[in-house]
Amino acid sequence: MQRSLVPAQEVHVSFEDKKRHTNDMLGFNTSILTGQLAESTQNQYAQDFYDYLTFAGTRESALDPAIFSLWRTDLSSRERFLSPNTIN
């Protein structure tokens, strides 16, 4: 299965909806970071979680280390400033 992270830019998804989606799929979201990180950092995590879950497609795939590795490779091939060593 070919995967690629190409978010639909014309569709706006709020951070609250992204957090809800993450919670629905994985049972947690960025609310576990409340009081630990700034809201802007939490929102970036919400974006990243959402993008990864969109890439993975299912809970099972999201928890598969091989899919995570594919995601890191996809990100580094699309984003010139990202190295697989800095994507965690």
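This is a predicted model: local features need pLDDT of at least 70, side-chain atom pairs count only at pLDDT 80 or more; totals for chains, interfaces and linings use all residues.

User: What pattern does the chain follow along the sequence?

Analyst: The chain reads α-α-α-α, with 4 helices and 0 strands. Of its 88 residues, 31% count as buried. Among contacts with a separation of 6 or more, 48% are between residues 24 or more positions apart.

User: By what is a pair of aromatic rings described?

Analyst: The description uses the distance of the centres and the angle of the planes. In this chain the count comes to 5 aromatic pairs. One of them joins Tyr-52 and Phe-68, with 5.6 Å centre to centre and 80° between the planes. This pair is edge-to-face, because planes over 60 degrees apart are classed that way.

User: Which parts of the chain does the pair of Tyr-52 and Phe-68 link?

Analyst: Tyr-52 belongs to helix α2 (residues 39-56) and Phe-68 to helix α4 (residues 65-78), so the pair links distant parts of the chain, 16 residues apart. Tyr-52 is buried at 9% relative accessibility, whereas Phe-68 is partly exposed at 27%.

User: How is the pair of Phe-68 and Trp-71 oriented?

Analyst: Phe-68 and Trp-71 form a tilted pair, at 5.7 Å centre to centre and 40° between the planes. Both residues lie in helix α4, 3 residues apart, so about one helical turn separates them. Trp-71 is buried, with 7% relative accessibility.

User: Which residues do ring pairs link into a cluster?

Analyst: Phe-28, Tyr-45 and Phe-49 are linked into a cluster by ring pairs.

Note on methods:
Residues are numbered from 1 along each chain as its sequence is written. Side-chain values use heavy atoms; hydrogens and water are left out. Helices (H or I, at least four residues) and strands (E, at least two) are DSSP runs, numbered from the N terminus. Buried means under 20% relative accessible area, exposed over 50%, partly exposed in between (1.4 Å probe, protein chains only). Contact means heavy atoms within 4.5 Å. Rings of Phe, Tyr and Trp (its six-membered ring) pair if their centres lie within 6.5 Å; planes under 30 degrees apart count as stacked, over 60 as edge-to-face and the rest as tilted.
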